[in-house]
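The sequence and the structure are shown first.

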Amino acid sequence: MKKLSYLFVAFMLFVAGNTAVAQDEEISNEDLRRYALMMEVVDAMKQEISDITNDMIKNQEGMTGKRYMELAAAKGDEAKLNELGAKEFEKKFMEVITKQQNERKEAIGDVVQVLATKMLPGGGKTYKAIKSGLASDESLKARYEKIEAQMKLQEDGDA
């Protein structure tokens, strides 16, 4: 019985190893390059959210970055905002800024969905395979990082 258990475990490891290799082969370097391009767009959009947030904080009289961070920790919870001594204008400001951020985050999700569908063969399926593979497959992650580095070098060379 023990021998059967060992054989089963060995078989499962073999299958898992071959699946990882097959999955790695299915994701081409071109797929990874396209995914990296998508992530550049997403990163730029995220940076825009940060820039807009910072501009709104700078332009809001009576608001500092430190105070914003304190209020943001409340995550819109009225009771927590009250505990922090939030004034009415601070509560309204947090509502406005949260709304702006949420709209832009939703736009990022829409962009990712469209780009994944249009840029990657297999669309969302390939996107999900790459995303999950990058979290669990070291060889795929290494290939992706190499492609990212090459793209950065090309960008620096163009600048």
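A residue counts as buried when its relative accessible area is under 20%, as exposed when it is over 50%, and as partly exposed in between. The model discussed here is predicted.

## Overall architecture

The protein contains seven helices and zero strands, and its pattern along the sequence reads α-α-α-α-α-α-α. Of its 159 residues, 25% count as buried.

## Helix H2

Helix H2 spans residues 29-59 and has 31 residues. From its first C-alpha to its last it reaches 45 Å, close to the 45 Å expected at 1.5 Å a residue.

The buried residues of H2 include Asp31, Leu32, Tyr35, Ala36, Met38 and Met39. Val42, Ile49, Thr53 and Ile57 are also buried in this helix.

## The aromatic cluster

A pair of aromatic rings is described by the distance of the centres and the angle of the planes. The structure holds two aromatic pairs. In one of them, the ring centres of tyrosine 35 and tyrosine 127 are 5.5 Å apart and the planes stand at 40 degrees, so this pair is tilted. The pair links distant parts of the chain, with tyrosine 35 in helix H2 and tyrosine 127 in helix H6 (residues 124-136), 92 residues apart. Tyrosine 35 has a relative accessibility of 5% and therefore counts as buried; tyrosine 127 is buried at 14%.

Tyrosine 35 also pairs with tyrosine 144 in an edge-to-face arrangement, at 5.6 Å centre to centre and 70 degrees between the planes. Because tyrosine 35 lies in helix H2 and tyrosine 144 in helix H7 (residues 138-158), this pair ties together parts that are 109 residues apart in sequence. Both tyrosine 35 and tyrosine 144 are buried.

## Salt bridges within helices

Side chains of opposite charge can pair when their charged atoms come close. The structure holds six salt bridges. One of them joins glutamate 30 and arginine 33, at 2.7 Å from N to O. These two residues are three apart in helix H2, so about one helical turn separates them. Glutamate 30 is partly exposed at 34% relative accessibility, and arginine 33 is partly exposed with a relative accessible area of 34%. A network of salt bridges links Glu30, Arg33 and Arg34.

In helix H5, lysine 99 and glutamate 103 lie four residues apart, about one turn of the helix. Their side chains meet in a salt bridge of 3.9 Å, N to O. Lysine 99 counts as exposed at 53% relative accessibility, whereas glutamate 103 counts as partly exposed at 41%.

Glutamate 90 and arginine 67 form a salt bridge in which the closest N and O atoms are 2.9 Å apart. Glutamate 90 belongs to helix H5 (residues 88-119) and arginine 67 to helix H3 (residues 65-72), so the pair ties together parts that are 23 residues apart in sequence. Glutamate 90 and arginine 67 are both buried.

Terms used
Residues numbered from 1 in each chain as written. Predicted model: local features only at pLDDT ≥ 70, side-chain atom pairs only at ≥ 80, totals over all residues. Heavy atoms only, no water. Expected span 1.5 Å × (residues − 1). Buried < 20%, exposed > 50% of the residue type's maximum accessible area, 1.4 Å probe, protein only. Phe/Tyr/Trp six-rings, centres within 6.5 Å; stacked < 30°, edge-to-face > 60°. Salt bridge = Lys/Arg side-chain N within 4 Å of Asp/Glu carboxyl O.
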